[in-house]
Amino acid sequence: MGLKIVYSEKHKKHNPTREFILGRFEKYKECEKRVENILIEAKKRRLISANQQELIKPTDHGLKHILKLHSQDYVDYLKTAYKNWLRIGGSEVGVFPADFPVRDFANKHRENKGGNGGSRGYYTSGLHSVIVEGTFEAAYEAVQVALTAADILVKEDNTHVLALSRPPGHHAHGDLCGGYCFFNNAAITAKYLIDELKVGKVAILDIDYHHGNGTQEFFYSQNNPLYASIHGENDYPYYWGSASEKGTGQGLGYTINRPLKKGTKDEEYLKTLKEILENIKLNFKPNLILISLGLDTFEKDPVGNFKLSSNCYLQIGKLIKGLNLKCLFLLEGGYALENIGENCLNVLHAFNDTLIKSSL
Ligand SMILES: [Zn+2]
């Protein structure tokens, strides 16, 4: 059983330096080291060699799969926002919107995109997705990484795939960036697997600390893919992810939310994960599973508020492996730079026979 990794160094083009937190500018946590540290750990555990020759480069699938879920005007906005921002004298730190639509009014007047200045607020759900010069290029490439991983997963026997997509995607809506996300890599890939690669039933398991509001919204009224999430209760993105959100119409029952209290530790987390996986296996019977792999559930993560140990990620991997399905892992959050490599490779441990257990 093999494990392949798709990677592009273009993720480095998205390099904001600051974000606005609690009224202060702080270092941007969604940084390139998150991915690079995973590669360092993969070398230590001999999953890849020193020259990284095993890493697979993405093939360009074009904009068309992005445009199935994101609007053309939002794509145009991401492409031009930084240049326009500089043109009006905005700081090189990146685009920080200051004017937001009154929600109900904006929903009734969708043709009004807020004009030259207001559009920044119109296309943004919060201040954590800072747009800089290379953001569009990196976000576009992150989608290509994910789509290429889907191709490999479907074409090759006995293979699981890790897509090192960065920036992450699960908080991105059709025309909204937010929570460090711009294009919804997981949602675009799930749709591609179902519509283009005709794989049948796809389950999306979102194990990032935060609820994947964007992914849920795309598929809320559909019965394929299924969306299941374990996440922190009453935490970002705040307005989504309650257990009562179960889907609507023919999608009813195909959204599963299991919010857990802040401070949740290994045992309770694993119990909940086991229940969800059993539910998915028995009732949905997917043909493959796409994992929105967030590692911000870790006890030392500076953003998430669960208390999972590094050992817990070995158990998470084992439980997912127990489904006996092809698995496509897509990187989402995870900000404990010292540990993200070890925790990521711990999840993957069960999926590759040659992977040594720990770098220590
Ligand atoms: Zn997260």
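Guide: Before we begin, one term is needed: helices (H or I, at least four residues) and strands (E, at least two) are DSSP runs, numbered from the N terminus. Please also keep in mind that this is a predicted model.

Visitor: With that numbering in hand, where does Asn324 lie?

Guide: Asn324 has a phi near 60°, a positive value in a residue other than glycine. Its relative accessible area is 69%, and because exposed means over 50%, Asn324 counts as exposed. As for its place in the chain, Asn324 lies in the loop between helix 9 and strand 9.

Visitor: Is Lys198 buried or exposed?

Guide: Lys198 is found in the loop between helix 6 and strand 5, and its phi is near 50°, a positive value in a residue other than glycine. The relative accessible area of Lys198 is 64%, and the cut-off for this class is over 50%, so Lys198 is exposed.

Visitor: Which protein residues are the donors of the zinc ion?

Guide: Along the chain, the donors of the zinc ion follow the spacing D-x1-H-x85-D. Lying 2.0 to 2.1 Å from the zinc ion, the protein donors are Asp208 (OD), His210 (ND1) and Asp296 (OD).

Visitor: With which side chain does the side chain of Thr297 make a polar contact?

Guide: Thr297 lies in the loop between strand 8 and helix 9, and because its relative accessibility is 1%, it counts as buried. Leaving aside residues up to four places away in sequence, Thr297 touches several others, including Ile207, Asp208, Tyr269 and Phe306. The polar contact from the side chain of Thr297, at 2.6 Å, is with the side chain of Tyr313.

Visitor: At what angle do helix 5 and helix 6 pack?

Guide: In helix 5, residues such as Ala139, Val143, Leu147 and Val154 are among those that meet a set in helix 6 including Ile188, Tyr192 and Leu193. By class, this contact of helix 5 with helix 6 has 10 nonpolar, two polar and one charged residues. Helix 5 passes helix 6 in a right-handed crossing, and with their axes 9 Å apart, helix 5 (residues 135-155) and helix 6 (residues 185-195) pack at an angle of about 35°.

Visitor: How many of the residues of helix 10 are buried?

Guide: The buried residues of helix 10 include Ile340, Cys344, Leu345 and Leu348. What covers them includes strand 1 (2-6), helix 1 (33-44), strand 4 (159-163), strand 8, helix 9 and strand 9 (326-331). Helix 10 (residues 340-348) is thus mostly covered, the count of buried residues being eight of its nine.

Visitor: What form does the peptide bond from Arg166 to Pro167 take?

Guide: Pro167 lies in the loop between strand 4 and helix 6. Elsewhere, Pro237 has its place in the loop between strand 6 (226-232) and strand 7 (255-260), and the peptide bond from Tyr236 to Pro237 is cis, with omega near 5°. For the peptide bond from Arg166 to Pro167, omega is near 5°, and the form is cis.

How values were computed:
Residues are numbered from 1 along each chain as its sequence is written. This is a predicted model: local features need pLDDT of at least 70, side-chain atom pairs count only at pLDDT 80 or more; totals for chains, interfaces and linings use all residues. Side-chain values use heavy atoms; hydrogens and water are left out. Donors are N, O and S atoms within 2.8 Å of the metal (3.2 Å for Na, K and Ca); water is not among the atoms, so sites may look incomplete. Buried means under 20% relative accessible area, exposed over 50%, partly exposed in between (1.4 Å probe, protein chains only). A polar contact is a pair of N or O atoms within 3.5 Å; within protein, one must be able to donate a hydrogen and the other to accept it, and residues adjacent in sequence count only if both atoms are side-chain atoms. Contact means heavy atoms within 4.5 Å. Axes are lines fitted to C-alpha atoms, for helices over the stretch in contact, and angles run from 0 to 180 degrees between N-to-C directions. A crossing is left-handed if the near helix is turned anticlockwise from the far one by less than a right angle, and right-handed if clockwise. Ala, Val, Leu, Ile, Met, Phe, Trp, Tyr, Cys and Pro count as nonpolar, Asp, Glu, Lys and Arg as charged, and the others, Gly among them, as polar.
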